[in-house]
Amino acid sequence: MEQTVYFEDYQIGASRMTSGRTITETDFVVHAGHTGDFFPHHMDAEFMKTTPFGQRIAHGTLVFSVGVGLTASVINPVAFSYGYDRLRFIKPVFIGDTIKTRTTISAKEDDPKRPESGRVIERCEVINQHGNVVLVADHIYIVERRDKPKRLGLQRSGPPH
């Protein structure tokens with residue numbers, strides 16, 4: 001689905017919740033293969049029985065990838081992702097946990113590099129089936145302004161010479 005939302009249209013505090021997705025054994029194996037991260041925390045059930053977790057924990061980058069992927073339901077043709085700040089792995093995620101993501105517009109600011117756009121910061125909270133926040137990150141978007149500022153030096157006040 002495509003929906004055009006300009007910088008001016010974003011409202012601080014606006015929030016949405018995604019559908020859920022259950023993390024599986026296959027997710028662990030595929031993610032380890034993609035990233036090369038075969039640490040025992042993710043792949044060795046016997047080792048993890050000796051830890052306070054008692055079982056394997058999902059790769060933080062797996063939880064991040066799935067959590068962000070759940071938010072990708074609407075294409076905004078006047079916005080693009082600038083990146084993520086303040087990424088934190090708050091609680092472990094285990095095989096069989098179901099996660100969903102709540103996004104909330106937390107800030108809007110000018111973009112110093114692009115006067116025709118602004119930055120929209122969206123707080124992403126990945127939440128497990130128990131209602132616990134397991135991951136937090138701030139997603140930064142560059143979003144076009146509906147009302148673009150006039151460029152200095154490009155307009156003439158009189159007829160051309």
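Visitor: Which ring does the charged end of Lys-108 sit over?
Guide: First, this is a predicted model, where local features need pLDDT of at least 70 and side-chain atom pairs count only at 80 or more, while totals for chains, interfaces and linings use all residues. Residues are numbered from 1 along each chain as its sequence is written, and side-chain values use heavy atoms, with hydrogens and water left out. A charge sits over a ring if NZ of Lys or CZ of Arg is within 6 Å of the ring centre and within 35 degrees of the ring normal. Here the charged end of Lys-108 is 4.7 Å from the centre of its ring, and that ring belongs to Phe-7.

Visitor: How are the rings of Phe-64 and Tyr-84 arranged, stacked or edge-to-face?
Guide: A search of the whole structure turns up one aromatic pair. Rings of Phe, Tyr and Trp (its six-membered ring) pair if their centres lie within 6.5 Å, with planes under 30 degrees apart called stacked, over 60 edge-to-face and the rest tilted. Phe-64 and Tyr-84 have ring centres 4.9 Å apart and planes at 85°, so their arrangement is edge-to-face.

Visitor: Which elements does that pair link?
Guide: Helices (H or I, at least four residues) and strands (E, at least two) are DSSP runs, numbered from the N terminus. The two partners are 20 residues apart and join distant parts of the chain. Phe-64 is in helix H4, and Tyr-84 is in strand S3.

Visitor: And what is the relative accessibility of Tyr-84?
Guide: Take buried as under 20% relative accessible area, exposed as over 50% and partly exposed as in between (1.4 Å probe, protein chains only). Phe-64 has 19%, so it counts as buried. Tyr-84 counts as partly exposed because its relative accessibility is 29%.

Visitor: Where is Arg-86, and is it buried or exposed?
Guide: Arg-86 shows up in strand S3. Its phi is positive, about 55°, although it is not a glycine. Its relative accessible area is 56%, so Arg-86 is exposed.

Visitor: What is the volume of the largest pocket?
Guide: On a 1 Å grid over the protein atoms alone, a pocket is an open set of points with protein on both sides within 12 Å along at least five of seven lines, and lining residues have an atom within 4 Å of a point. The points are joined across faces, edges and corners, and a volume is the space filled by probe spheres set on them. For the largest pocket, that comes to about 560 Å³.

Visitor: Which element gives the most to the lining of the largest pocket?
Guide: The lining has 24 residues, and Tyr-10, Arg-16, Val-74, Glu-122 and Tyr-141 are the closest to the pocket's centre. Elements giving two or more residues are strand S1 (15–17), helix H4 (60–71), strand S3 (79–89), strand S4 (98–110) and strand S6 (133–144). The most, four residues, come from S3.

Visitor: How far apart in space are Thr-22 and Asp-97?
Guide: Thr-22 belongs to strand S2 (residues 21–22), and its relative accessible area of 37% makes it partly exposed. In sequence, Thr-22 and Asp-97 are 75 residues apart, yet C-alpha to C-alpha their separation in space is 5.5 Å.

Visitor: How far apart in space are Asp-37 and Ile-121?
Guide: Asp-37 is in the loop between helix H1 (25–35) and helix H2 (40–43), and it is partly exposed at 24%. Asp-37 and Ile-121 are 84 residues apart in sequence, and C-alpha to C-alpha the spatial separation is 30 Å.

Key. On a 1 Å grid over the protein atoms alone, a cavity is a set of points where a 1.4 Å probe fits but cannot get out, and a pocket is an open set with protein on both sides within 12 Å along at least five of seven lines; lining residues have an atom within 4 Å of a point.
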